[in-house]
Amino acid sequence: MNTLITVAPTGAESAKVDVPALPVTLDELIETAKACEKAGAAMIHVHIRGADTEPTLDLGRLNDTVGALRAETSLVVQLSTGGAVTDPYEDRIRVLDAEPDSCSLTCGTVNFGEDVFMNPWPFMVDLYQLTQEREVVPEFELFDLGHVASLNRLLDKFGLPYGGQIHCDLVMGVPGGMPGTADALVTAVNALPAGASWSATGIGRTSMPVALAALAKGGHLRVGMEDTLTFAKGQPVRDNAQLVERAAQLAVIAGRPAMAPADARTLLKTKDRR
Ligand SMILES: [Zn+2]
């Protein structure tokens with residue numbers, strides 16, 4: 001199977017003032033999305049910012065963002081339900097009102113640097129059941145081996161996701177989560193439910209080892225400035241497209257070039273809302 005490249009261009013962690021290339025306005029996001037699609041991305045994982053460039057879960061802005069991405073690109077639109085670590089659960093769940101193709105669903109709480117990213121079991125259950133009801137394909141975000149166990153428990157108790165395809169993303173190398181190593185990746189992948197598709201992303205300096213291990217193990221890739229701000233030692237990332245271009249090159253070398261957005265829709269079994 002060819003490689004699904006997801007771009008996570010913004011995140012909630014970096015400040016525009018520190019990282020000028022970070023897309024924070026809708027115009028910047030659309031420009032980034034177009035460039036990344038051209039470079040080989042098939043899905044975009046979106047966190048939005050307010051007029052003050054700070055993270056927000058404002059529903060009006062989320063609606064505008066989903067609409068504009070659908071109008072201007074063919075990318076599968078995935079909204080983060082993580083928000084920023086300080087966002088209340090109600091606001092994180094309300095993201096589904098913007099009717100994305102996909103949304104992230106993090107399968108457990110994790111230390112996140114100095115902060116704690118809260119994903120207690122009842123929140124996971126509420127969010128999962130809402131994805132089923134709203135016909136949104138969840139991407140299960142797995143920061144730790146315990147999250148893989150929680151994913152299996154969630155599927156045992158509540159059945160398959162909308163569309164029937166279980167799709168996961170291993171988020172590795174977060175200070176507090178599993179390390180971004182080939183060994184950790186193989187252990188986590190071997191614990192995934194049968195038939196699951198998965199991508200992996202390594203935070204910061206674990207970006208390359210995780211990408212190479214993921215390709216070697218038959219997985220997909222997530223890259224972007226949410227996860228990595230350094231392209232190589234001493235060299236800041238130019239923009240998101242630069243990271244997508246490199247991922248696409250690696251995918252070619254691995255013999256599984258980047259898949260088109262239409263193939264990503266087929267793989268993930270998203271509902272066509274265009
Ligand atoms: Zn995110």
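Strand S6 (residues 102-106) is mostly covered, with 5 of its 5 residues buried; buried here means under 20% relative accessible area, exposed means over 50%, and partly exposed lies in between (1.4 Å probe, protein chains only). The model is predicted, so local features need pLDDT of at least 70 and side-chain atom pairs count only at pLDDT 80 or more, while totals for chains, interfaces and linings use all residues. Residues are numbered from 1 along each chain as its sequence is written, and side-chain values use heavy atoms, with hydrogens and water left out. Helices (H or I, at least four residues) and strands (E, at least two) are DSSP runs, numbered from the N terminus.

**Strand S6 and its partners**

- Both faces of S6 are covered: Ser102, Ser104 and Thr106 are buried on one side, and Cys103 and Leu105 are buried on the other.
- Strand S5 (residues 76-79) runs parallel to S6 and is joined to it by 2 bridges; two strands pair if DSSP finds at least two bridges between them.
- In this pairing, Gln78 stands opposite Ser102 of S6.
- S6 also pairs with S9 in the parallel sense, over 5 bridges.
- Here Ser104 stands opposite Glu139 of S9.

**Aromatic rings**

- The whole structure holds 5 aromatic pairs; rings of Phe, Tyr and Trp (its six-membered ring) pair if their centres lie within 6.5 Å, and planes under 30 degrees apart count as stacked, over 60 as edge-to-face and the rest as tilted.
- One of the pairs is Tyr128 with Phe140, whose ring centres are 5.8 Å apart and whose planes stand at 55°, so the pair is tilted.
- This pair links distant parts of the chain, 12 residues apart: Tyr128 belongs to helix H4 (residues 121-134) and Phe140 to strand S9 (residues 137-142).
- Tyr128 and Phe140 are both buried.
- Phe112, Phe117 and Phe143 form one aromatic cluster.

**Charges over rings**

- Arg153 lies over the face of Trp121, at 3.8 Å from the ring centre; a charge sits over a ring if NZ of Lys or CZ of Arg is within 6 Å of the ring centre and within 35 degrees of the ring normal.
- The charged end of Arg246 is placed over the ring of Phe231, 3.9 Å from its centre.

**Salt bridges**

- The count of salt bridges is 14, each being a side-chain nitrogen of Lys or Arg within 4 Å of a carboxyl oxygen of Asp or Glu.
- Lys16 bridges to Glu28, with the closest N and O atoms 3.2 Å apart.
- Lys16 lies in the loop between strand S1 (5-7) and helix H1 (26-39), and Glu28 lies in helix H1, so the bridge ties together parts that are 12 residues apart in sequence.
- Glu28 is partly exposed, at a relative accessible area of 25%.
- Asp169 and Arg222 meet through their side chains in a salt bridge of 3.5 Å, N to O.
- That bridge links distant parts of the chain, 53 residues apart, with Asp169 in strand S10 (residues 167-172) and Arg222 in strand S12 (residues 220-223).
- Asp169 is buried at 0% relative accessibility, and Arg222 is buried with a relative accessible area of 5%.
- Arg222 also forms a salt bridge with Asp227, at 2.9 Å, N to O.
- Asp227 counts as buried at 6% relative accessibility.
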